Amino acid sequence: MAGVVGVSLGDLRQRQRERRMRRITAATAAATLVTGLFAATSAGLWIKARRDSDVANRRSVETLMDLADTTIAGGDRELGLLYSNLALSRAKQSWDSYAGLRGRHYVNVNGATSQGPLAPLTRIKTDSGVASFGIGSNGTIVTAGKSANLSVWSSENGKRLRSVTLSEKPIDVGASTDGTRFYGIDRRGRLTVTPADGGPARTVRIADARAILGTVLAGDRLFVAHDPAKGSSRVRGYDVKTGAQIFDVDFSNRPFAHFDCAPDGSEFAVAFKGGGAERYDGATGALRQSIVDSAQDAAALADSHTEGGSLDYSRSGNKLVYFSAATMYVVSLPSGSVASHSFEKRYGGGMAKISRDGTFVIDPATRRKIDAATGRELSSYALMEGDARSLAWLSPRDDAFIVGTNGRELMLWDDLSDAASDDAFKLPVAKRAYTGSPIEYGRFTQNGKRFVTASSDGNLTVYDVAAPDGGVQTSGSVVVRSNNRNFLYSRGRNGGVIVDARKKRGKATLTEIQSSSDSAVSNDGKALAFMSQAHAEGVSVLSDSGKTEYRTPESMPLGVSETSIVFGPSHDVVYVTVKGEVVHYGASGKLGSYGSKKDGDVASLRASADGSVLVVNREGGKWQAHNVKTGKLLKRGTGAVYDVSGKNGAFESATLLAGNSISAVDASGEVKRKVEMPREIGRHVRSGQVLDANENKFLIRTQKQIVVFDLTVGQVVQRLRAPAANARALLVSDGIAYDVDDAQSGSFRLVKDVKLADAEAAAKKMVGDRKLTEAEKEVIGQ
């Protein structure tokens, strides 16, 4: 064949090999293409699955962080911290949301460890349905268990310490008046008493445990008040050692509205529905004294539209107070002598409380602290509410008073000192709303540091009475601070106060400030500069005694929203005039000026801690730094300066905002630190809501909050509740002062500035060895 076609045999074979190779190459290419397409499709599906899983994980972590926030706000700070720690541990640093999640974790840590007074410390979930409880002298709490037992808990962290087995689930639980014993009573009348510190329990049977309204264990006597609303208006007494009934007083014909017992069990008293109150012997149940004429009291109660009065024995047992309608009856014990005091206005009924030594009474219905001997008003309280259903508690140390309102809110007053004659109403230092079942009972621990409430479901909430943040609260609104941050000026309805932020003490000044921003306080806290309403022109500089040191001839513009006046190194002032000039005045007259109008309109002024360096921020994002004494231009730049450092007239550094970042610039102009602002605060900063700043922190006002932006971590690390729409805040010496209330004259809180590392250490200590329970894991799907 090769010869016929004129081609050699070798060439034909070569051509066949080439055709075969082309077929193989084509087939291989097709297979490779199919395989490649399949691989690409598989890779795409794998990437999509990974992406979907990543999105789901992010959402899960964000939801868990939300749960941590609401759990801490709800009172269970330990559980909230556990959730927050878990959320952060699940977050990946590669996520673009990681920085925000880390910031939210910091907020949770600060929120759990740094709260104001009456902050929920922990919740104790007994699920027993028994609202009564007792508190021992050692601070432990006894409650009914979910089954046939008593449970003993720590008031410090809410952890269960031990359990006491009973024959049946208790229906009433308590502690002896001295706090050394716990007890529980079941439906069959079995009374079990056990030492609060632990030890063997003793059980006896009492006659009747039905329709219990309340019980008191004092000495060797148990007093049981039976509920008139359940058809059993009587008080019985029992011997705790034997269970024997020692008296039975039947009040079927005169149902009582209130019952109380002397701390030593020597007597008890009842206040009757419709009027009248009587004292009875604690050993025999015999009538000792009728405190007030029943008919007279009934007429007064009818006019006040209240069912009956309230009773309270002093903790020392030397006085008994009966408050009915508009009259207070103070009974001296054991003599029984009665002093009565009438009041023109009472806002309802409520639970009046008498001090440990019987010297004063606090009545939420009159909103007053009253001298028990004379009836003279010693102090008055704003927003205190009292009616026939309100609950009230006075601390064992007579230094705090709490009212539980019908609006499911607890209000705390921790200043029970006598007021000066010109003092206004004292505002509550804390108001704490609560949700869930209504509060049935409340008690202070014997050291007064904790307050415990129980709702109808038997679950308890433990509150910190003192502020965990170590802060103090006082009336007035934050105005300005000194350059060195040691002093601040607050303004209230009755005048102003210069407060030493280091000592948390204030000295009143006889001044009138026209605008909260047009004022300044000197570094020694002894002078105030402001636009006086009495003098339309110029700036007045007053000493802390109210004496005018000097006045300047040039006026300031009205209604400015930024800092327009600062003190220099001493009692000299620098301010912006109505002509837009920046001038320097002292007692001897004008000392100089800085820049000119052609540099641009002045936006704000900032001064170094010693007042020797001045920064003039101008519209258009430019700034200039000057030596205050000489007027020499030291530095200039772009952006808006919020904090300047310098000494003896020498510029050192400035913290400034430019665009969306905050930078620290040193004397050479080198940027030492640059932090991008998170989106959540950027718009507030750009709208002029920066309230104060230093080299490490910015205080920014948002909706009903003041957030603390920490430049060292680049995140919001703390949120301070500020209900007032125009709330102000200042970074003062080792702390933060911020407005917390806009009611009447307002009030502000001064808290210690807590370092993030310290807050994290405190959070770790708070959580301790607590782990998530199976029920808590189920909530988060773990």
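At what angle do the axes of helix α4 and helix α7 cross, and within what distance do they come?

A: The model is a predicted one, in which local features need pLDDT of at least 70 and side-chain atom pairs count only at pLDDT 80 or more, while totals for chains, interfaces and linings use all residues. Residues are numbered from 1 along each chain as its sequence is written, and side-chain values use heavy atoms, with hydrogens and water left out.

Two packed helices are described by the angle between their axes and the distance between the axes. The axes of α4 (residues 98-113) and α7 (residues 756-767) cross at roughly 65 degrees and come within 9 Å; here axes are lines fitted to C-alpha atoms, for helices over the stretch in contact, with angles running from 0 to 180 degrees between N-to-C directions, and helices are DSSP runs of H or I with at least four residues, strands being runs of E with at least two, numbered from the N terminus. That angle makes α4 roughly perpendicular to α7, a term for 65 to 115 degrees, whereas angles under 35 count as roughly parallel, over 145 as roughly antiparallel and the rest as oblique. The crossing of α4 with α7 is left-handed, meaning that the near helix is turned anticlockwise from the far one by less than a right angle.

From α4, Tyr 106, Val 109, Asn 110, Ala 112 and Thr 113 take part, and they meet Leu 756, Ala 759, Glu 760, Ala 762, Ala 763 and Met 766 of α7, where contact means heavy atoms within 4.5 Å. By class, this contact of α4 with α7 holds eight nonpolar, two polar and one charged residues, with Ala, Val, Leu, Ile, Met, Phe, Trp, Tyr, Cys and Pro counted as nonpolar, Asp, Glu, Lys and Arg as charged, and the others, Gly among them, as polar.

Helix α7 also packs with α3, at an angle of about 115 degrees and with the axes 9 Å apart, and α3 and α7 are therefore roughly perpendicular to each other. This crossing of α3 and α7 is left-handed. Arg 77, Glu 78, Leu 81 and Leu 82 of α3 make the contact with Ala 763, Met 766 and Val 767 of α7; the residues of the contact divide into five nonpolar, no polar and two charged.

The surroundings can be described through the nonpolar cores. The largest nonpolar core has 24 residues, and those with the most contacts inside it are Leu 81, Tyr 83 and Leu 772; such a core is a set of buried Ala, Val, Leu, Ile, Met, Phe, Trp, Tyr and Cys residues joined through side-chain atoms within 4.5 Å, and buried means under 20% relative accessible area with a 1.4 Å probe and protein chains only, exposed being over 50% and partly exposed in between. At least two residues of this core come from each of α2 (9-74), α3 (77-90), α4 and α7, and α3 gives the most, with seven residues. Leaving aside residues up to four places away in sequence, Leu 81 touches Ile 72, Asn 108, Val 109, Ala 112, Ala 763, Met 766 and Val 767. A second, separate core of 17 residues includes Tyr 106, Val 717, Leu 720 and Ala 722.
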